[in-house]
Amino acid sequence: MIKGHQINYSHKKFSILNDIDVSVEYGEFLAIVGPNGAGKSTLLSVLANETSSKQKQSVLFKNKLFKDWDLKDLAKNKAKFSQHNSNEIPLLIKDVVMMGRYPYFNSTPRAEDLEAAENSMQETDILHLRDREYNTLSGGEKQRVHLARALAQLKNDVTHKLLFLDEPLNNLDIKHQHKALKTIKDFTEKANTAIVVLHDLNLAAQFADNILLMKNGKVAAHGKPEEVFNEKIISEAYNFPCAICANPITQNPMIIFGN
Ligand SMILES: Nc1ncnc2c1ncn2[C@@H]1O[C@H](COP(=O)(O)OP(=O)(O)OP(=O)(O)O)[C@@H](O)[C@H]1O
């Protein structure tokens, strides 16, 4: 679905990403994890083709370079949820979510746009907030609005869609963290792909098919959760001690830090 070969990215003379190879398949949920400053958000932006034009990389999305895509068509195939969203948007929630449908209509939303926005608000549990002003929401509620906007953008008949999410769980309470990850998992189970930057390794182990662990702008490990989440790899990557056991309920790796 998406392939990047030997991705390098720098800011001025500071090298941020070094020789990264990534290949993500249809139906895959890939979690990108790693310590602060490892390059996770930068890699996501490079893969999503959202970096400065001078350093565009040869990333293939559905076997085609981004520059060869029609922009409207691309917007129906991939969406990105960013870590930094505006705190102040003078609009109602339903109008912010409707922004995700801009690639689909000219001046007035059609019935299917209203339905897509409504379904996304339902999935993110913000339907009851639809007529509130965005600026009055709490941090976690705002986060869910932007998640709904990204989900609304990809409600269409296209097969094999790609969703990028940069730390979508920030500010979310436990229930909404799980609900968001379940929604993303359901999305990938319909042959779509999600590439998600996560800090919570246990949630990554529970939901992701594969883990890409980054450190200092490089790939430190890549594989299934049970391959990447071992004590040596994780304690070295985070420079912090940890123990790993099997989650007694799911049997996924369970990482306990600080012992
Ligand atoms: N525009 C920029 N100018 C200078 N340095 C930058 C710029 N963008 C990113 N960096 C640096 O590149 C490194 C990687 O940043 P990035 O945001 O990709 O890390 P991250 O792994 O997502 O971190 P975090 O977990 O803290 O969000 C960091 O050291 C950051 O300071």
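Two strands count as paired if DSSP finds at least two bridges between them. I kept that cut-off in mind while going through this predicted model.

**Confidence.** I looked up the scores before anything else. The mean pLDDT of the chain is 95. I noted that 98% of its residues reach 70 or more. ipTM is 0.96, and pTM is 0.96.

**β1 and β4.** I went to strand β1, residues 2-11, and asked how many bridges join it to β4. I found two, with β4 covering residues 60-61 and the strands running antiparallel. Two bridges meet the cut-off of at least two, so β1 and β4 pair. I then checked I2 and found it opposite F61 in β4.

**The open sheet.** Next I traced the strand order. I read β2-β1-β4-β5, four strands in an open sheet with antiparallel pairing. Which strands sit at the edges? I got β2 (14-24) and β5 (64-65), each pairing on one side only.

**Helix α1.** I looked for what helix α1, residues 40-47, lies across. The answer is β1 and β2. I noted its angle to β2 as about 60°.

I moved on to strand β9, residues 210-215, and strand β10, residues 218-223. They run antiparallel, and five bridges join them. I picked out M214 and found its bridge partner in β10 to be V219. How many residues lie between β9 and β10 in the hairpin? I counted two. I also checked phi in the turn: N216 has a positive value of about 50°.

Conventions: Residues numbered from 1 in each chain as written. Predicted model: local features only at pLDDT ≥ 70, side-chain atom pairs only at ≥ 80, totals over all residues. Contact = placed C-beta atoms within 7 Å. Axes fitted to C-alpha atoms, helices over the stretch in contact; angles between N-to-C directions. pLDDT = per-residue confidence, 0-100.
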